[in-house]
Amino acid sequence: MSHVFPRHTKTLPLTVSHGQGVYLYDVDGKAYFDGSGGAAVSCLGHGDPEVTAAIKAQLDAVAFAHTSFFTSAPAEALADKLIAHAPEGIDRVYFVSGGSEAMEAALKLARQYYVEIGQPQRRHVIARRQSYHGNTLFALATGGNAWRRAPFAPLMVDTAHISACYAYRGQEAGESAEAYGLRMANELEAQIQRLGADTVFAFVAEPVVGATAGAVPPVPGYFKRIREICDQYGVLLILDEVMCGMGRTGTLFACEQDDVRPDIIAVAKGLGAGYQPIGAMLCSADIYTAIEDGSGYFQHGHTYVGHPVACAAALAVLTRLTDGGLVARVDEMGKRLQAALEQAFGQHPNVGDIRGRGLFRGIEFVMDRETKAPFPPERALHKALKKATFEAGLICYPMGGTIDGQRGDHILLAPPFILDDSHIEEIVTKLGTAIDTVI
Ligand code: PLP
């Protein structure tokens, strides 16, 4: 009997034995292709010798020193390297232990910024309906998944939600992508005006929507209009790149492809690539200066902020991604994966959309391609797909994302950046076996 408290108490997990390259192995020796890197975490695959060597070296030097007294060489070098690659204006990095912590820090920093500059009436956050920003209470309240919030609803701060930019579902017949993007972005302005023009402190969005909708990129021009609206109303733009950042979409920061200048960015998952738990909140020089010139103190913190071993691991990961050229191959490999998925499943009567950027791809399943009607929730197709793909030796991330308030069925693929063409074939073959079993 196990004393571990698992997330799903009715379907107990297998025990993992080891990992190598793109594969994980259970204790019976069965290999699983890690087609989603867990939940878009393991961007380098498993057993990377450079990252494990960096961790061991840091452990030999010092494992932990509290940030009230010390910074560390890996934390400083990692921050320098992140800022060197970050969008213009981003200047400071606050290290945490994961994605929820990064988003919680981002939201609290944005609120504190307005307190520091004498606008405490700004107390509203606006986010989007198809979104997940983490499980701590503020991050959970910000996310758009009503079913995740439900048990905790009386404890939540009030947040407002607008539509996500989700062309497959929202773009009307005859409407251009640009017109659709403008219509969606303008929902932000309407929501700001509804709440009161000077009462909103932040708008939060994932540049490419991850688990709640299955790798949905924005249409061209959407984020340009979002930035204009944020500037007009003095609203800070927080981009959640916890899942889509760190090279996953083909550029180190996903927002680079939309040419948008955020005020705050949250990253995690691929930052530590699973080798250590680490996340980061990056902010503009303006925000940092307001704190420095004001109270001088960000009223937020955790014991493991800037953990030296986690930072050493992330520095080695980031070096592999940038200097090692791994991000540079994501776009090309992603296009090949998209083409292979389209060739295998593009005509399937229950595949509605195959989409994404880089090695961040989603498949949306529908009952009917014409009407785009989702499968009934009681069918729980995504759960059946999760089981069937796992049995076929492929780990993907099936999600019942939200469609008009209902659960839909998506699969998220986020394979390690080291994959080759034979691995793409393997993904498609195993996924095909699972789809044939379930539908
Ligand atoms: N933000 C996004 C976009 C995510 O996908 C996730 C996790 O899936 C989080 C935040 C929360 O990250 P974590 O699970 O590391 O707390």
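1. Ala 273 is buried, at a relative accessible area of 2%, where buried stands for under 20% relative accessible area, exposed for over 50%, and partly exposed for what lies in between (1.4 Å probe, protein chains only). The residue is found in the loop between β9 and β10, and although Ala 273 is not a glycine, its phi is positive, at about 55 degrees. Most residues other than glycine have a negative phi. Helices (H or I, at least four residues) and strands (E, at least two) are DSSP runs, numbered from the N terminus.

2. On the basis of the values: this is a predicted model, in which local features need pLDDT of at least 70 and side-chain atom pairs count only at pLDDT 80 or more, while totals for chains, interfaces and linings use all residues. Residues are numbered from 1 along each chain as its sequence is written, and side-chain values use heavy atoms, with hydrogens and water left out.

3. Lys 372 also has a positive phi, of about 65 degrees, although it is not a glycine. Lys 372 belongs to the loop between β12 and α13 (381-391), and this residue is partly exposed, with a relative accessible area of 25%.

4. The domain assignment of the protein chain gives domain 1 (16-47 + 325-438) and domain 2 (52-321), the bounds coming from an automatic or database domain assignment. Their centres, taken over C-alpha atoms, are separated by 25 Å. In the interface, 40 residues of domain 1 are in contact with 38 residues of domain 2, contact being heavy atoms within 4.5 Å. The area buried between the two domains is about 3300 Å², of which carbon and sulfur atoms give 57%; buried area is the accessible area (1.4 Å probe) that two parts lose on being put together, summed over both.

5. An open sheet of 7 strands runs in the order β4-β10-β9-β8-β7-β5-β6, with mixed pairing, two strands being paired if DSSP finds at least two bridges between them. Because β4 (90-96) and β6 (160-162) stand at the edges with a single partner strand each, one side of each is left without a neighbour in the sheet. The twist averages 20 degrees from one strand to the next. Within this sheet, β7 (residues 200-205) and β8 (residues 236-240) pair in the parallel sense over 4 bridges, and Ala 202 has Leu 236 in β8 as its bridge partner. Helix α4 (residues 99-116) packs on the sheet, where it touches β4, β5 (124-128), β7, β8, β9 (264-267) and β10 (279-284), and its direction makes about 175 degrees with that of β8; axes are lines fitted to C-alpha atoms, for helices over the stretch in contact, and angles run from 0 to 180 degrees between N-to-C directions.

6. The largest nonpolar core has 94 residues, and those with the most contacts inside it are Leu 82, Phe 95, Phe 203, Phe 253, Leu 282 and Leu 321. A nonpolar core is a set of buried Ala, Val, Leu, Ile, Met, Phe, Trp, Tyr and Cys residues joined through side-chain atoms within 4.5 Å. Helix α11 (residues 308-321) gives the most to this core, with 9 residues, and the core draws at least three residues from each of domain 1 and domain 2. Phe 203 has contacts that include Ile 126, Leu 188, Tyr 222 and Ile 238, not counting residues up to four places away in sequence. A second, separate core of 31 residues includes Tyr 94, Leu 107, Phe 201 and Ile 238.

7. Strand β12 (residues 360-365) is mostly covered, with 6 of its 6 residues buried: Phe 360, Gly 362 and Glu 364 on one side, and Arg 361, Ile 363 and Phe 365 on the other. Strand β11 (residues 351-357) runs antiparallel to β12 and is joined to it by 6 bridges, while 5 bridges join β12 to β17 (residues 409-413), also in antiparallel fashion. Glu 364 has His 410 in β17 as its bridge partner. In the hairpin of β11 and β12, which has 2 residues between the strands, Gly 358 takes a positive phi near 55 degrees.

8. Val 330 lies in helix α12 (residues 326-345) and is buried, with a relative accessible area of 0%. Not counting residues up to four places away in sequence, Val 330 touches Gly 247, Arg 248, Thr 249, Gly 250, Gly 358, Leu 359 and Phe 417.
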